[in-house]
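Please open the model in your viewer and keep the selection panel at hand. The tour goes from the pairing of the chains to the parts within one of them.

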2 protein chains.
Amino acid sequence: MAVVVNPGLDRSDPLAPAWEQRRVYLKRKGARGGELYTGLTADFLGRDSVILRSLGHRSPMRTETDQKILDEPRFVAAHLIPDSADKDDDKVYFFFTERNDVGGKRVLVNKWSTFIKARLVCSVPGPHGIDTHFDQLEDVFLLRTKDEKNPEVYAIFSTISNVFQGYAVCVYNMAHIREVFNGPFAHKEGPDYQWGPYEGRVPYPRPGVCPSKITAQPGRMFGSTLEFPDAVLQFARSHPLMWRVVYPTHRQPLLLRTSTPYRLTHITVDRTLAEDGPYDVMFIGTDAGTVLKVIALRNGNSVTSEEITLEELQVFKMPTPITSMEISVKRLVLSLTCDIRQMCESGLGSHET
Amino acid sequence: MAVVVNPGLDRSDPLAPAWEQRRVYLKRKGARGGELYTGLTADFLGRDSVILRSLGHRSPMRTETDQKILDEPRFVAAHLIPDSADKDDDKVYFFFTERNDVGGKRVLVNKWSTFIKARLVCSVPGPHGIDTHFDQLEDVFLLRTKDEKNPEVYAIFSTISNVFQGYAVCVYNMAHIREVFNGPFAHKEGPDYQWGPYEGRVPYPRPGVCPSKITAQPGRMFGSTLEFPDAVLQFARSHPLMWRVVYPTHRQPLLLRTSTPYRLTHITVDRTLAEDGPYDVMFIGTDAGTVLKVIALRNGNSVTSEEITLEELQVFKMPTPITSMEISVKRLVLSLTCDIRQMCESGLGSHET
């Protein structure tokens, strides 16, 4: 598995060029000789953003320049997650935040191809139905399980506020994400109307469905999206957003941190088998070079979980922002602007540097 | 001036009957022999809310039971503020929070009669145009100036969140409040439409205008709102809310407090003349029986102000919630559930208990 590191990149550095801060990519190996999927902001003012596919045998493909499709995104991660045993049905997911037409930033997950997106919600329920939202996506980690179609999606979010700083970790289920992508599209009759679910007929093949054996109809096989009927592409262009949102498991964060002296920027999770069952150990990296090792315990079917900080490690003597974290054969690899460090991590046990 | 105290009432007591928690009133003395204006929640489940006028020579009057007009309000204060030299043109303002149709709570100020309301905004500007809102109105104080038509409106707001607790003091200018009430009404074409400004013809006399010499037309004198044309009352019923919102002076709070060990619940302000000019000294009461004495200094035309806490007084030995505060001939009168205390306050100087 490739380590995605942007050398020399400090995410907290406001002077780093916008396109560098926002580049994420994944390399897909396959029968077609490997393809590169990239999400990036193509100009230095952060205006022209694109998700593109290049290399491989197929012709390059990119999203159109359209605010409806990508509006000042900040790309955070990209992952390939299979939908079924049919490799042609694989989906590429991009995780990013973007502006939206009510003036705010929203966290979105995008499913390639025929680009459609859905909003990930990470919020704490509040009085009078007013939730506290964590809308700025900081990092995403896919906890792979035996079922490669259903990894668990761990995400760190922060608040967008000049008054309150807080972080939340929310976990999403791939089944919920797929449900939202298979649900109604968001629709607006005109500029004076509210957003609502699209209730008309959706053209076939439905946007978000890959051209594969599944979309093959007698006498009409869709070999690529280029062969999709115009109506499908037009519909996709005017309805890139799903109406429903993706809620996290148990409808609330697994972990909350407020008033911390540092920013939580990276997450990596390790499933460890303890005597009483499996535990998901979260390793959370900060912009001060510390790593928090936390587990969240849930009592039976209880909605709320109890979080326990096992350790708070100052990995680097100088407080330097962590730029990448990865667990590699039970060794936690951290990278920084100008340094790479390894530490053993033995699940719930002790650590070495 | 009457002291408004609800004896035996602890605002933070969740078991106190809803109607008691929410009653505010003011007595208007005048040629008509005195009238009582009351905002209250008339049933114990907090469902039927009303603003009513009683006593005096005129027939009693009340707002209709309609969610559009009052939706689960929590009344905070009521004040009479003259609009002009014509006493018939006086306005009664009710300050309250209520639910609204996007599911949230909003702070509203209501202008009697022909009930119209406007939203008071108290927020801190944030990145990407996302402000941090303080939406729960806690207390209102009118700082009377020589111009009785233009008191300054001081208000304490709190956050509505289970994660972050914070308080802000915002100051509003009566001229801004009147501008909003004289501006466009909020309008919605139908349930699927967005709110927007009403651009059609508003019937005469415009809702919010009192029947007085000003509304008198040749051959048609509106002696009371009962004589207003049906079209006016129908329009008022379907357009109780103003489209524009009232922003605070300098568009941001004068004071911010986060992570305090107590709740800020009451405010009283005293304008004191110091050697270098006038200062507005804020006395902020808490639910722990403390009083903060704070001034906000503004450097020239700077938007941001520097707040200086002069004193933090523990007025009562036992931490007891303050239920009322008033400055009376340079003496700060505090009331609690079962106690009344006076303290001298000599502007920026020292204090005695």
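Through which surface do the copies meet? Of the interface residues of chain A, 100% are also interface residues in chain B, so the copies meet through the same surface. This is a predicted model, in which local features need pLDDT of at least 70 and side-chain atom pairs count only at pLDDT 80 or more, while totals for chains, interfaces and linings use all residues. Residues are numbered from 1 along each chain as its sequence is written, and chains are lettered from A and ligands numbered from 1 in the order in which they are written.

Select the contact between the chains: 26 residues from chain A and 26 residues from chain B take part, where contact means that C-beta atoms, placed from the backbone, lie within 7 Å. On the side of chain A that touches chain B there are 9 nonpolar, 13 polar and 4 charged residues (Ala, Val, Leu, Ile, Met, Phe, Trp, Tyr, Cys and Pro count as nonpolar, Asp, Glu, Lys and Arg as charged, and the others, Gly among them, as polar).

Next, superpose chain A on chain B, which takes a rotation of 180 degrees with 0.0 Å of shift along its axis and gives an RMSD of 0.0 Å (least squares on the C-alpha atoms of residues with pLDDT of at least 70 in both). That is the relation of a two-fold axis. Centre the view on Tyr193(A), which of the residues of chain A comes closest to the rotation axis, at 2.1 Å (C-alpha).

Finally, colour chain A by domain, with domain 1 at 18–249 and domain 2 at 262–352, bounds that come from an automatic or database domain assignment. Here 8 residues of domain 1 of chain A are in contact with 9 residues of domain 2 of chain A.

Conventions:
Contact = placed C-beta atoms within 7 Å.
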